[in-house]
Amino acid sequence: VNHVSFFSFMVADFETFILWTLQPVAEILAFRIGELRGISRWRSRLESIGLEDKLLDQTMEDAGMVLLQVERVLRIVSDTTAQVLEHFSVNVSFFLN
């Protein structure tokens, strides 16, 4: 079994999961919280709903942090993959020479 190919396949699968699942969910979450924050500031019409600006501001910051962490995970996965593949290619070429 070619371990490098298996590793590449697993990483690609993980990156696909992040790009197609986590990242869109984090973006939608931030967007919807932003909408709620906007609604909470329309006091004349929607004050009775009970949305609090300060809580939604903190929630918006947290949603932004989730987006940043998703980007960070993608970068870490990409960097680590490059390092592992470079390590294996160096080791394989050492044995072939």
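Arg 37 is partly exposed in the predicted model, with a relative accessible area of 26% (buried denotes under 20%, exposed over 50%, and partly exposed the range in between, with a 1.4 Å probe and protein chains only). Its side chain meets that of Asp 57 in a salt bridge, at 3.6 Å from N to O; a salt bridge is defined as a side-chain nitrogen of Lys or Arg within 4 Å of a carboxyl oxygen of Asp or Glu. This pair links distant parts of the chain, Arg 37 lying in helix 1 and Asp 57 in helix 3, 20 residues apart. Asp 57 is likewise partly exposed, with a relative accessible area of 25%.

Asp 57 also forms a salt bridge with Arg 41, the closest N and O atoms being 3.1 Å apart. Through shared partners, the salt bridges join Arg 37, Arg 41 and Asp 57 into one network. Arg 41 is partly exposed, at a relative accessible area of 46%.

The structure holds three salt bridges. One of them pairs Glu 35 with Arg 32, with 2.8 Å between the closest N and O atoms. Because Glu 35 and Arg 32 are three residues apart in helix 1, about one helical turn separates them. Glu 35 counts as partly exposed at 34% relative accessibility, and Arg 32 is partly exposed at 46%.

The secondary structure of the protein chain comprises three helices and zero strands, in the order α-α-α from the N terminus (helices are DSSP runs of H or I with at least four residues, strands runs of E with at least two, numbered from the N terminus). Of the 97 residues, 14% count as buried. The accessible surface comes to about 7,700 Å², of which 64% belongs to carbon and sulfur atoms (Shrake-Rupley method, 1.4 Å probe; for residues, only the protein chains shown count as cover).

Residues are numbered from 1 along each chain as its sequence is written, and side-chain values use heavy atoms, with hydrogens and water left out. In this predicted model, local features need pLDDT of at least 70 and side-chain atom pairs count only at pLDDT 80 or more, whereas totals for chains, interfaces and linings use all residues.
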